[in-house]
Amino acid sequence: MTDLTQALGATASGLRAQATRLRHLSENIANADTPGYRRKTISFQQAKEGVRVGNMSLDDAEGIKHFDPNHPLADESGHYFGSNVNLLVEIADAREAQRSYEANLKVFEQTRQMSASLIDILRR
C-alpha cells in the first residue's frame, strides 16, 4: 500500500507544480502589453517524493523598444520599453503545462482506482 501512497504523493506534487506553472504563464499573458513587465519563469526540482517548484525568476531579456514621445514612460528620446513576453512562447508553454497536468491527473485517478480495488479485495 505504501507504493500506492507514494504514487499518489508524486502525482499530487506534479499537479501542484503544473498548476503553479500555469498561474505564472497566465500572469505573463495577462501582462504582455504592460510596459516594462518582465516574463516570470519557474523551475522544477526533484524532491524526495515527486517534484517541487523552485524559485520564481524574471527573464533577463530586454523588452521591445517602442517610440512614442507622448507615452508617460518615454525617456528624453521618446522611447520606452515594453514587456519581454512572447505570446507564442507563453501559449506553447501553457499547452505543455496543461497536458502535463492532465497526465498527472490521469495517473492520480488510476492510482486511486487501484487503491480502491485493493481495499475491496482485502475486504473479501
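These exercises look at salt bridges in the structure above.

The model is predicted, so local features need pLDDT of at least 70 and side-chain atom pairs count only at pLDDT 80 or more, while totals for chains, interfaces and linings use all residues. Residues are numbered from 1 along each chain as its sequence is written, and side-chain values use heavy atoms, with hydrogens and water left out.

**Exercise 1.** Find how many salt bridges the structure holds.

*Solution.* Start with the criterion: a side-chain nitrogen of Lys or Arg within 4 Å of a carboxyl oxygen of Asp or Glu. Some join into a network, made up of Arg39, Asp59, Glu90 and Asp93.

**Exercise 2.** Work out which parts the salt bridge of Arg21 and Glu96 ties together.

*Solution.* First, check the contact: N to O is 3.3 Å. Next, place the residues: Arg21 sits in helix H1 (residues 2-30) and Glu96 in helix H2 (residues 87-123), so the bridge ties together parts 75 residues apart in sequence. Helices here are DSSP runs (H or I, at least four residues), as are strands (E, at least two), numbered from the N terminus. Finally, look at accessibility, where buried means under 20% relative accessible area, exposed over 50%, and partly exposed in between (1.4 Å probe, protein chains only). Arg21 is buried at 14%, whereas Glu96 is partly exposed at 44%.

**Exercise 3.** Describe the separation of Asp120 and Arg123 in helix H2.

*Solution.* Their side chains form a salt bridge of 3.9 Å, N to O. Because they are 3 residues apart in helix H2, about one helical turn separates them. Asp120 is partly exposed at 38%; Arg123 is exposed at 67%.
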